[in-house]
Amino acid sequence: MSETDICQRFLINDRGLRGQWTLLEASYQTVLAKHDYPLEIQGLLGELLAASILLSATLKFEGTLSIQARGEGTINLLSVECTHDHTVRAIARWQGDTRGQSFRELLGKAILAITITPSQGERYQGIVPLDGDTVAQCLEHYFQSSEQLKTQIQLFHGNNRAGGLLLQALPGTGGSLEGAEQVLHGQSYEEQQEARAEEWHRVAGLAATLSAEELLNLDCNTVLYRLFHEEKVQVFAPEMVRFHCTCSRQRTANALEQIGREELDSILAERGKVDVTCQFCNEHYVFDPVDVAMLFAAGNPQADSSIN
Ligand SMILES: [Zn+2]
């Protein structure tokens, strides 16, 4: 397996501290190749892509996790998506010159939205004001304000790569990942809480010594050994990350049906065809008058059946 475009989960000291590591190259470069992004946006998209993998991997769900920053600065939108099987795609919209602008100048007054769209069941969305000087800081604030889970996130980009490390204290007292109670003889509840807080402080302090150079150039095991060699670390098997756009002709057709026949007919009258381009991957989907008529003839009970 290659050393990039993977993510790996790990546990520390069996005591409810979990982590995620990821390092991207080909998947990140594929995202960047779709549009002519300024350097500043390339970096932000890389860090957000890494973040989407770190976050989606900590959640048990089937579906899509998206992170969106909507701003009023030079950048209007940063949007990344990651599926439960680690396929990613991303898009940015901006206007004007991004050169020399800080993170805050780029995004201005902005909101950060994290949305989980499960394959089945209800969509969950958390929205907070974008608060911080880096993507990582903003996400940490998100967790502080909405999830109440102690979370440390470090994100880096450079040399065509992007990656990150996430550390999170699991809820509950002495719970393992599976939620089993761990009985610590001779310790009161308060003492256990204090021990957990101390452990978090120590391990998060070790993790904070991670440098961009280390994360972007070393494999997961080497990074974890450098940071936590005095802790007991359990590392899980690496999982692959790849670029994949979920758009399709059928999905585009569904979206066109929502727009409605009248609107589509007026586009057809003007241009002779309806031309839809996927913002994430640049794929073109062209619907001529017959295609559009078929949309409304096929499954729609109110379809105009005159073409049959
Ligand atoms: Zn697409």
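Trainee: In which strand is Thr22 found?
Mentor: A word on the model: it is predicted, so local features need pLDDT of at least 70, side-chain atom pairs count only at pLDDT 80 or more, and totals for chains, interfaces and linings use all residues. Residues are numbered from 1 along each chain as its sequence is written, and side-chain values use heavy atoms, leaving out hydrogens and water. Strands (E, at least two residues) and helices (H or I, at least four) are DSSP runs numbered from the N terminus. The run that covers residues 17-24 includes Thr22, and it is strand β2.

Trainee: Is Thr22 buried or exposed?
Mentor: Buried means under 20% relative accessible area, exposed over 50%, and partly exposed in between (1.4 Å probe, protein chains only). Thr22 has a relative accessible area of 0%, so this residue is buried.

Trainee: Which residue has its backbone oxygen 2.9 Å from a polar atom of the Thr22 side chain?
Mentor: Here we pair a side chain with a backbone atom. The side chain belongs to Thr22, and at 2.9 Å from its polar atom lies the backbone oxygen of Ile6.

Trainee: What is the phi of His86?
Mentor: Most residues other than glycine have a negative phi. His86 lies in the loop between β4 (75-83) and β5 (87-94), and it counts as buried at 6% relative accessibility. Although His86 is not a glycine, its phi is positive, at about 65°.

Trainee: And what is the relative accessible area of Asn159?
Mentor: Asn159 also sits in a loop, between β8 (151-158) and β9 (161-169). Its phi is near 50°, a positive value in a residue other than glycine. Asn159 is exposed, because its relative accessible area is 66%.

Trainee: Which residue forms a salt bridge with Arg99?
Mentor: A salt bridge is a side-chain nitrogen of Lys or Arg within 4 Å of a carboxyl oxygen of Asp or Glu, and by this rule the count comes to 12. The closest N and O atoms are 3.0 Å apart, and the partner is Asp97.

Trainee: How many residues apart in sequence are the parts tied together by Glu214 and Arg226?
Mentor: The closest N and O atoms of the salt bridge between Glu214 and Arg226 are 3.1 Å apart. Glu214 is buried at 17% relative accessible area, whereas Arg226 is partly exposed at 47%. Glu214 lies in helix α6 (residues 212-217) and Arg226 in helix α7 (residues 220-228), so the parts that this pair ties together are apart in sequence by 12 residues.

Trainee: What is the N to O distance in the salt bridge of Arg271 and Glu270?
Mentor: Arg271 counts as exposed at 57% relative accessibility. Glu270 is exposed as well, with a relative accessible area of 63%. Their side chains meet in a salt bridge with an N to O distance of 3.9 Å.

Technical notes
A polar contact is a pair of N or O atoms within 3.5 Å; within protein, one must be able to donate a hydrogen and the other to accept it, and residues adjacent in sequence count only if both atoms are side-chain atoms.
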